[in-house]
Each structure stands twice: as C-alpha cells, then as structure tokens.
Amino acid sequence: MGVPSQSSSGEKMEGFLYLLRHNRFGQHSSRKRYFIIKDNVLRSFKTKPVSQMEEPIRSAIIDSSIRVTDNGWENINKKVLFTFTAYHTSNQRDKLKDCPSPTRKYVTSHRRRRRSSLRNGGTKSIDWKHSELDLNGYIYSEAMTSDVIAPSTWKIFGCQNGLRMFKEAKEWDALGRWGDSQAIMAVGVVDGTSEDIFNTLMCLDPSRSEWDFCVNRGSVVEHFDGHTDLIHLELYNDWLPWGMKKRDFLLQRYWRREDDGTYVILYQSVYHKKCPPQRGYVRACLKSGGYVVTPVNNGTQSVVKHMLAVDWKYWKLYLRPANARAITVRMLERVAALRELFKTKGGSFHTESIAGTKDIVGLPPLDEDQKDEVEEKNSSKNIEEGSVVEDEVQKVAASSQTGLMGFNDSKDEFFDVPDYTSDYYDTPNDWNSELESEKMPLTHTKASPSSLVKKLQDLAIPKKGLEFDVGKEGSGRCYYGTTLQKDPKCALPCSWAASDPSLFLIRGETYLTDNQKVKAKRTLMELVGADWLRSNQREDNLSSRLDSIVQEYAAKGGPEFFFVINIQMPGNPMYSMALYYMMKTPLEDYPLLQSFVDGDDTYRNSRFKLIPYISKGSWIVKQSVGRKACLVGQALEIRYIRGKNYLELDIDVGSSTVARGVASLVLGYLNNLVIEMAFLIQGNTQDELPEILLGTCRVNHMDASKAFVLI
C-alpha cells in the first residue's frame, strides 16, 4: 500500500498489493489489485482508478472483527517478499490464513532502493503516493518508553569516537572490576530514519563494506520464519591482534519493529549442521548481542545502541582479558562508521547494492515534473473524496459483500508470481547465501510502509517453539492452582510470588490531559495460586476442572471471584503458566472490572493490558520482551471463558509469529530468568481513571523439566 494522504474526511492509503493463496499441491498463485483504504472502507480495483467516481470491484468494511498479522519475510517462488494476513475473528470461513479453504495473504514486493518491514503490520507498500503530509509525523510516535521503574543495568566507562561506552553492571563489580566476556554497549546518534538504519544493519551484500570494517563475508544459512533466520559471518583478520587466527560467527538473528518505529535486532551464537566450524577459522561465541534503533526528533534521527558479549575463544596465556575487551570495543565502533556513512549520504542510504527484489508493480517511478502534477491533482481531488467515501460506506454496508472472502472471488483471474531476476542474486560468490533462494534482500524506502498494517490494526482489533524432552516428574493427579510452589522471598527456583505494585507505571487521574503515568499503589486482587503445566495439547478452561482451586471455592458458595490468566506457550510439548487471582468484594464495586467481565470479546480485547519486566536475565531476553505495556488482545488470540465465579483468559502465544519467536527465546533462557508481570484493564475515560492493577506476579528461575505433566 501507499503512504497516507490527507483529505477533509480523514487519511487515505493506497497502492498495489498482491493477494496470494496456495492450492492443494502447495503451489502459489497471486492476483495484483490496487487497494484504497479510507476511513473504515477497503476498496479494490483491477488498476489504479483514474477517477474518484470509479466503482471498485470489491469492497469491505474494516471493523472490530478484522485482525491483521505480520508474517514478516516469506520465500515465494524463490523471491523473498513481505507478507501480512488479514482475517475475520468471528467467521472462521472468512479467516485468511488458517481456514480449510485456500489460504490468502496480502503481499507486496519492492522495487530496488525500496524496502519495508515492521513488527505489528505486515507488508507494505510499493507504489508510493506523493503528498504534502509529513510522513515522519504519521509513522513515528514518542520514542519507546518503559512502564516499569527499575534501575539501569548499564554503567558508563568511557567515550570513544563520539560514542558513549557502557558495561553491564553486576552485583559483584562495585569496585569496577571486569568480568569474563562482560557485555559492552555503544550508544550514538545517527542522522537517518530507523527504517533506513535497520535496512543497512540487516544487509549482508557487498555494500556492507561501506561501513562494516569487521565483517568480510556474510550469508544467510537458513530462513526460519518472517522474523528469524540463521546467518554466518566471517571477520576480517587485519583488525584483530597480530597472530590471532581468523574468527567467524554462526548466529541466530531475530528482528521486530515496535509501534513507535523502534527496530530491535538480536543475535545469539548457535550450532547448526548446515554450517559446521570451518578450517582456518576459530568460531567465536556471541553470548548475546544486537542493535536497538530508536527514532528521535520526529524520525529524522535515530539513537543506535549496539551491544556485544563475546567469548573470543582465545588461549588465556596468549590474549589477556583487557585485550579481548579491546577487540569487542573495536567491533562496537562500527556504530561510528555507520554514523559517518549516513552523514555522507545526507541522512539516507539508497544504493543499488542494497537492492532486494525488483518492484513488481507496473508503474515506473515519477520524475520531478510528474511529482508536482500529482501533488496538484491530489489537492483538487481531496474535496470530492469525502462524499465518494461516504457513499461507498453506505453501499458496502447495504451490500452482502462486506467480508474479506469477497476479495478472493474464483471468477477473478489468477497468475503465478513472476520469477523476476535481480542483481542481488548475481553478487560475488563470497557473499552468496548457502541457500540462494532464501537470502534476505534489503532495500530502502523514503518512508516506512508499516503505516498500512498499522492503519488496518487501528481500524480493527487485531493474530513453533522450542522442544524439550518430556519427563514424568510431577505427573499424576493435578490440583490446579497448586502445581507451582509459592516463595515470597523468591529464593527457591521454580517458584512464584507477588511483585511490588510500585514497580509499574499506570495511567493517573490526569492522564487524559497530561499523558502522565504514576506509580501503582495496590492491586485489586490477590494472587492465590499458580500452575506450571506441560501437555501434548492446549489446556483450556482450567478453572472448570473439579480439582481446581476455583471449584473448591465455588463448592463453598462464598463471594470469592477468580480472574485466571492462562498463558499457553507454543511448542511440542506445550507449556502453560496459569495465574489465579482472587477477590472477595462484589464486582459491582468496580464498574470497569464488571464491564470487562460481562462485556463481549471485542471490548475485552481492547482493554486487557500486560506490563512485562525481566528483572534478572540476559540482555537479549530483556530486549526481546521489553518493559512497555501492551494490549494483549490486539496481538494474540484470547479465549474468554465466563464461569459462575470466574473469568478465565486462555492466551495463545503461538497465534503471533513475533510472539512465537520471543517465547522460543525466553524458554531457552528460562532457568536464568526472573520474570515479573502486571495485569490491568485499560482506562480510556475520566470515569475509569486512575487505573488500578488487577494483580502482579514474579516467577523465579522456571525449569521446563519441572512442569507438571498432564496425561
């Protein structure tokens, strides 16, 4: 889709998209359509309409039942494309991804020097519409903040090449001592958009040599999903100490985009049979590392944080720890090289060498004269657009063709995705991927195309994991609500306790006027039990089971009401963490909670909020989880189950590609983590403020092998 443009009746987005589906033989087919989304109406045309009065071939209303999922990168007919899926939550036959009928996905491919990516939205635009609207103001909101009050884990130790240098603070380094392979971070400001910087950091083709003086060759070994892949990096030898053998890395790379335009790229060393250690190289171990690119100054600049914790695999008699740190610091100085690159490029980095796939739209780029003509036409057309859209809303509402299924009419012509050639795949062999068809192309856009899916998600209410050996410990009869031990001091592994409410920031009484959040003072409910379960299938509606703490209180006929949060993690087997919150006061005393309990799923999805916090753990996990409040129902599927004395929320973490990646990472580090969470119902009106936490929890050093096995 294109960028938004202003009109008297609101913002409009338009551009070419491909609708994809696959048949029963697994072959992909596609249909190119020109889409326009204005207000709550999505319209489809075979070609770009020449008049605002032209009738669309299909129309649909984007309401609260439509959800949009970012699928990230996908390899389709040997081309890496960016895709997203739109589906209807209340009609399974109108579900674009998981329905039994052929899957349909909206997809775009990008012309050279143009690229898009995002976390919450799928893909993106190809034919950009020029307008006078400042896109940076539309895309970028306030820089990513934290809803948790916590001390910084970083301590500055110097400044080098205009970069501030930090080391990760440890409890034992009060005297300034350094640990073995301690994490080090460089922070600098780059004159470029977060989108362009992200593109540059992800690129592994020869253009990387314009700023990365450490990496000699790079390749994609395997593509796991739209947000995760496996890359191999070979380092130059000339910047390493004399006599030190050449080093390489085999890294699992994960990326995502935050709502405010921040990009997070995470790396971790892994072993993979497709890329064993190579002769002549010593494989270094990156314990954790990555980049955080946060837009500032309305997106014109970005704060780039680069962190590395590296074990260089050297003989300690040969290379002292101080020298090993110097190598890591030298590698972090690439942020300064990146900064200088963008200075020479005038704030953007558009080169042929970063090309990904060629644009598959039929419209050539506009020259300067054409741009002026388009801008003049846009200003004259905006007046008539308002009435056209109003008429379209009435037509679509009166029509039976209001669902997404209508965009996939069998009468429409389909054709295969063309196998375009690209200079990207003709780069020198030393830069080629081991799997050419899966190498990730990276091109640039003048503005982030993430606005499309962000727009769809604003209109609507937004949808593999690790494998562990299943043991038999804890199997048998399950008393739900008691399988995870309580430890108020959090000294015991695999235990739970309530977190301090004052750690979390919530909307205060004056939030609607000053946007200020305040410390939470208390919780509405008490955490009375927790479960840590393992099963070969999803375990829903735990509260209804006879051997549960909920039914035990129900049998007594008391006033207690339970709010149960069942977090279901993907994988084989599946893991579930259930938290049981209880209150003894009547629901009527808390109107917002009562509205949530008795409301419909659409209302609940728009209000249920989680604030996560990793208080102890690796930097890579802290960055993947974050510390910002999120509306869970807009990103994940939640099944709400209302019982006599309870409301249970079964949260399917596997319903989101991004969440699956985070869950896999967290499960891998689970034994070394202390995870704290707060739950609340978002207050949107003055009567609903200040917010009150429903409850908090702290889980300490969880162990997958100690989960209670359900048979």
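Reader: Is Asn 541 buried or exposed?

Author: This is a predicted model. A residue counts as buried when its relative accessible area is under 20%. Asn 541 has 19% relative accessibility, so it counts as buried.

Reader: Where is Asn 541 found?

Author: Look at the loop between strand E23 (526-535) and helix H8 (549-556). Asn 541 is there.

Reader: What does the side chain of Asn 541 make a polar contact with?

Author: The partner is the side chain of Tyr 646, at 3.1 Å. Now set aside residues up to four places away in sequence. Asn 541 then touches Ile 641, Tyr 646, Glu 648 and Asp 650.

Reader: Which polar contact joins the side chain of Asp 212 to another side chain?

Author: Start with its place. Asp 212 is in the loop between H2 and strand E12 (215-225). Its relative accessibility is 2%, so Asp 212 counts as buried. Its side chain has a polar contact of 2.7 Å with the side chain of Arg 208. The side chain of Asp 212 also reaches the backbone nitrogen of Val 215, at 3.2 Å. Beyond neighbours within four places in sequence, Asp 212 is in contact with Tyr 236 and Arg 334.

Reader: How many residues of helix H2 are buried?

Author: Count along the helix. In H2 (residues 194-202), nine of the nine residues are buried, so the helix is largely enclosed by the rest of the structure. Among them are Ser 194, Glu 195, Asp 196, Phe 198 and Leu 201.

Reader: Which residues touch the most other members of the largest nonpolar core?

Author: First, the general idea. In soluble globular proteins, nonpolar side chains tend to be buried together. Here, the largest nonpolar core has 69 residues. Trp 532, Phe 563, Leu 579, Tyr 581, Leu 593, Phe 608 and Met 677 touch the most other members. Helix H12 (residues 657-668) gives the most to this core, with seven residues.

Reader: Why does this core lie between domain 2 and domain 3?

Author: Check who contributes. Domain 2 (149-170 + 181-342) and domain 3 (485-709) both give residues to the core, so it lies between them.

Reader: What does Met 677 touch?

Author: Leave out residues up to four places away in sequence. Met 677 then touches residues including Phe 504, Ile 567, Met 577, Leu 579 and Leu 610. Gly 695, Thr 696 and Cys 697 are also among its contacts.

Reader: How many residues apart in sequence are Phe 708 and Tyr 575?

Author: They are 133 residues apart in sequence. In space, the distance is 9.4 Å, C-alpha to C-alpha. Phe 708 is in strand E32 (residues 708-709). Phe 708 has a relative accessible area of 12%, so it is buried.

Reader: Where is confidence lowest, and where is it highest?

Author: Confidence is lowest in helix H1 (residues 135-139), at a mean of 29. It is highest in strand E29 (residues 646-652), at 97. The mean pLDDT of the protein is 75, and 66% of its residues reach 70 or more. Over residues 410-449, pLDDT stays under 50. The model has 149 contacts for that stretch beyond four places in sequence.

Reader: What does the secondary structure of the protein come to?

Author: Twelve helices and 32 strands. Of the 711 residues, 57% are buried. The accessible surface is about 30200 Å², and 50% of it belongs to carbon and sulfur atoms.

Definitions and conventions. Residues are numbered from 1 along each chain as its sequence is written. This is a predicted model: local features need pLDDT of at least 70, side-chain atom pairs count only at pLDDT 80 or more; totals for chains, interfaces and linings use all residues. Side-chain values use heavy atoms; hydrogens and water are left out. A nonpolar core is a set of buried Ala, Val, Leu, Ile, Met, Phe, Trp, Tyr and Cys residues joined through side-chain atoms within 4.5 Å. Buried means under 20% relative accessible area, exposed over 50%, partly exposed in between (1.4 Å probe, protein chains only). Helices (H or I, at least four residues) and strands (E, at least two) are DSSP runs, numbered from the N terminus. Domain bounds come from an automatic or database domain assignment. Contact means heavy atoms within 4.5 Å. Accessible areas come from the Shrake-Rupley method with a 1.4 Å probe; for residues, only the protein chains shown count as cover. pLDDT is the predictor's confidence in each residue, from 0 to 100. A polar contact is a pair of N or O atoms within 3.5 Å; within protein, one must be able to donate a hydrogen and the other to accept it, and residues adjacent in sequence count only if both atoms are side-chain atoms.
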